[in-house]
Amino acid sequence: MPKDRFEPVRSLFVRRWGEMAASWGISRTMAEIHALLLLATEPLCTDDVMEHLAVSRGSASTNLRQLVNWGLIHRVHQRNDRKEYFEAEKDVWQMFETITRERRRREVEPIVETIERCLSMIDKEQGRLSGEAKSDADAYHKSFVDILEFFGLMNTAFNGISKVGPAGFKPLVQALSEFATAIPDNR
């Protein structure tokens, strides 16, 4: 079977994975490299990535380094070859946990810290405020508390999902689905 028989399949997946990531604010090239490595049946070097995706060496190197930093790909040593080779984490569950952990660390934790700082700033001013300024402070305070509560619930949910692992996830989703269909829509 010729090696590029599945080139259209690979190209379609790589393109869509890149589009999905771009809509989430992640570099399209980084996501395309990740998708390419997800489908690769053997480790690829930087030259392979450049050839498959028509990207520059600098772009390939930078994005490969970022993927290694995220923990989504790993360097692989090839005997008698000085090039660096890479392979993706193939376990979808592990990939989900890694992405969730990194997104929380890079995105959620900084905004939570900022919101907590904003709440502290409002609390320092609360006693000196009146009228419209007090109403604004109360509205800000409520918004910040609501956001923190939501992030806390999502954090608890992700921790629970991670704890049950892949074996417990399906029954958890099934139970949640049954629960959701049993209650009226409260939105």
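1. A term to settle before the numbers: a residue is called buried when its relative accessible area is under 20%. By that cut-off, 26% of the 187 residues of the protein chain are buried. Please keep in mind that this is a predicted model.

2. On the fold, the protein chain holds six helices and three strands. Reading from the N terminus, their order is α-α-β-α-α-β-β-α-α. The radius of gyration is 23 Å, well over the 16 Å that the globule rule gives for 187 residues, so the protein chain is more spread out than a compact globule. Along the principal axes, its C-alpha atoms fill a box of roughly 75 × 45 × 30 Å.

3. On contacts, take the pairs of residues at least 6 apart in sequence: 55% of these contacts in the protein chain join residues at least 24 apart.

4. Is threonine 98 buried or exposed? Its relative accessible area is 3%, and a residue counts as buried under 20%, so threonine 98 is buried. Which residues does threonine 98 touch, leaving aside its neighbours within four places in sequence? Those contacts are Trp70, Gly71 and Leu72.

Notes
Residues numbered from 1 in each chain as written. Predicted model: local features only at pLDDT ≥ 70, side-chain atom pairs only at ≥ 80, totals over all residues. Heavy atoms only, no water. Helix = DSSP H or I, 4+ residues; strand = E, 2+ residues; numbered from the N terminus. Rg over C-alpha atoms; globule rule 2.2 N^0.38 Å. Buried < 20%, exposed > 50% of the residue type's maximum accessible area, 1.4 Å probe, protein only. Contact = heavy atoms within 4.5 Å.
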